[in-house]
Structure formats: structure tokens, C-alpha cells
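Q: Could you take me closely through one part of this model, namely the sheet and the helices that lie across it? I am new to this structure and would welcome a connected account.

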Amino acid sequence: MADLTLAVANKAYSSWSLRGWLALKLTGAEFDEVVIPLGRADTRAEILKYSPSGKLPALIDGDVVVWESLAIIEYLAEKFPHAGLWPSDGAARAHARAAANEMHGGFLALRRAMPLNVRHTFPDARFDDHVGAEVNRIQAIWRDAQRRFAGATGEGPFLMGAFSAIDAMFAPVASRFTGYAVDLESQAQAYVDAVAAHPPMIEWREAARAEPWVIPEFEDGGAP
Ligand SMILES: N[C@@H](CCC(=O)N[C@@H](CS)C(=O)NCC(=O)O)C(=O)O
């Protein structure tokens with residue numbers, strides 16, 4: 001049994017679980033994983049065994065329970081200071097944290113209109129101007145991060161160079177942009193493709209495809 005346990009919801013649908021899981025993968029630490037399927041009679045009781053909020057992901061480290069994806073990232077960044085979750089440069093770190101927080105608290109229209117489904121694509125979906133404005137804002141965040149801080153976390157095609165916490169926060173959105181065939185600027189498209197090819201993302205998608213659970217309302221709208 002590993003020291004760390006991460007409880008997540010269905011990999012097919014749970015964007016918040018994916019964020020916590022990608023951050024934990026980044027540390028290279030061994031961990032046990034518990035997947036709790038949503039939408040069942042015992043879902044809430046099962047989640048409450050790990051997470052006091054009744055929501056996932058939750059990280060358990062001995063007596064420490066960390067719920068909320070951003071708090072999990074911060075906990076991991078403190079516990080594994082050499083994992084490079086946040087840039088070492090203060091300006092880059094502040095920028096990455098601001099973008100991660102904007103993602104955590106925002107983009108509600110987009111999140112509602114494009115439920116995460118890493119198993120299926122919806123190329124014919126159409127979106128209103130509200131969603132379009134959020135897509136543009138996200139592309140601006142990505143453009144700005146790459147222009148100002150490329151290389152802040154190392155070599156690579158991600159927002160600050162190597163894959164880091166800011167990418168974990170935006171990875172589910174990148175996946176939605178692929179799934180819903182959103183028309184993107186070329187630089188944003190290159191970033192989305194890089195996220196899709198990130199080996200832990202491939203591992204997550206493969207595990208999602210192997211899941212037996214299907215929640216019909218999440219297959220055609222309505223996000224968990
Ligand atoms: N603000 C939370 C959001 C967590 C959240 O909403 N998780 C969903 C799954 S993506 C959940 O656990 N839902 C429980 C349920 O639907 O029963 C975070 O950042 O971790």
C-alpha cells in the first residue's frame with residue numbers, strides 16, 4: 001500500500017479528478033487510486049469515506065485529507081518541492097497561480113456547454129457568444145503564458161515549458177476543445193495537441209475507455 005491515496009470520480013467525466021491526478025502523476029510519487037463512480041445510490045456515501053465535501057478528487061496522506069483540486073496541487077507542491085509543479089521564478093509562479101485560480105473559479109458557460117467526456121467527440125456541437133468569449137479568454141491566457149514564460153518550468157510545449165500545475169488545471173479544457181472540435185488559433189491548437197499527447201493524459205483516456213460505467217446525461221450534456 002502506498003502512503004498516498006487519491007480518490008477520483010469516473011475518468012470518463014470528471015474534470016476535477018483529472019486535474020488532481022495529473023498533478024500527482026507529476027510528482028512521480030507512488031499512490032493508490034480509488035475510483036468512485038458517480039450517479040449511483042451509494043455514490044455519496046462512498047465519496048464521504050474520502051472527502052468531507054462529498055466531492056472528488058480527495059488526496060489522503062496519513063492523517064491529512066485534502067479535498068479541492070487546487071488545494072491538492074498546493075499540498076503536493078509543498079510536499080514535493082522538486083517536482084516543478086509551480087515555476088521557481090516568482091513572477092512566473094504568480095502568473096501560473098492566477099491563471100490556475102481563474103480556471104478553478106471561472107468559465108462556467110464553457111463548463112456547462114461542454115461537459116468533459118474523454119471517451120466521445122461531439123463535432124457538431126454549436127456554442128453561443130458567451131462560450132465563445134470564454135474560449136477567447138482561455139486562448140489569451142495560454143498565449144500570454146507562453147509568450148512571457150516559455151521555459152519557466154523547463155523545456156517543452158506547455159504553458160510554461162515543461163508540463164506543470166497550470167497545465168494540469170487547463171488539461172480538461174484542452175480535452176474539451178478537442179472533443180467539441182472548437183476552432184482555435186494555431187498556437188492554441190498546438191498546445192491542445194501537446195496536452196493530448198502527454199503520456200499521463202493517454203493513460204487517463206485509456207483507463208476511461210475501460211470503465212464500465214455510462215451515465216446517459218453526461219453523454220449528451222450536463223457536467224458532473
Ligand atoms: N471545486 C472542486 C470541484 C469538485 C467536483 O465538483 N467534483 C465532482 C466530480 S467532477 C464531484 O465529486 N461530484 C460529486 C457528485 O456528483 O456526486 C474541486 O476543485 O475539486
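A: What follows goes through the strands of the sheet, their pairing, and then the helices.

This is a predicted model, in which local features need pLDDT of at least 70 and side-chain atom pairs count only at pLDDT 80 or more, while totals for chains, interfaces and linings use all residues. Residues are numbered from 1 along each chain as its sequence is written.

The sheet is open and consists of 4 strands in the order β2-β1-β3-β4, with mixed pairing; strands here are DSSP runs of E with at least two residues, helices are runs of H or I with at least four residues, and both are numbered from the N terminus. Two strands pair if DSSP finds at least two bridges between them. Because β2 (31-36) and β4 each have a single partner strand, they stand at the edges, and one side of each is left without a neighbour in the sheet. On average, neighbouring strands of this sheet are turned by 15° against each other, direction ignored; angles run from 0 to 180 degrees between N-to-C directions, and axes are lines fitted to C-alpha atoms, for helices over the stretch in contact.

Taking the pairs in turn, β1 and β2 run parallel and are joined by 6 bridges, with Leu4 standing opposite Phe31 in β2. Strand β1 (residues 4-9) also pairs with strand β3 (residues 58-61), here in the antiparallel sense over 4 bridges, and Leu6 has Leu59 of β3 as its bridge partner. β3 in turn runs antiparallel to strand β4 (residues 64-67), to which 4 bridges join it, and Ile60 has Val65 as its bridge partner in β4. β3 and β4 form a hairpin with 2 residues between them, and Gly62 in the turn has a positive phi of about 65°.

Helix α1 lies across β1, β2 and β3 and runs at about 155° to β1, whereas α3 lies across β3 and β4 and runs at about 135° to β4; residues are in contact if their C-beta atoms, placed from the backbone, lie within 7 Å. The axes of α1 (residues 15-27) and α3 (residues 69-79) come within 9 Å and cross at roughly 5°. That crossing makes α1 roughly parallel to α3, a term used for angles under 35 degrees, with over 145 counting as roughly antiparallel, 65 to 115 as roughly perpendicular and the rest as oblique. Trp16, Arg19, Gly20, Ala23, Leu24 and Thr27 of α1 make this contact with Ser69, Ile72, Ile73 and Leu76 of α3.

Terms used. Two residues are in contact if their C-beta atoms, placed from the backbone, lie within 7 Å.
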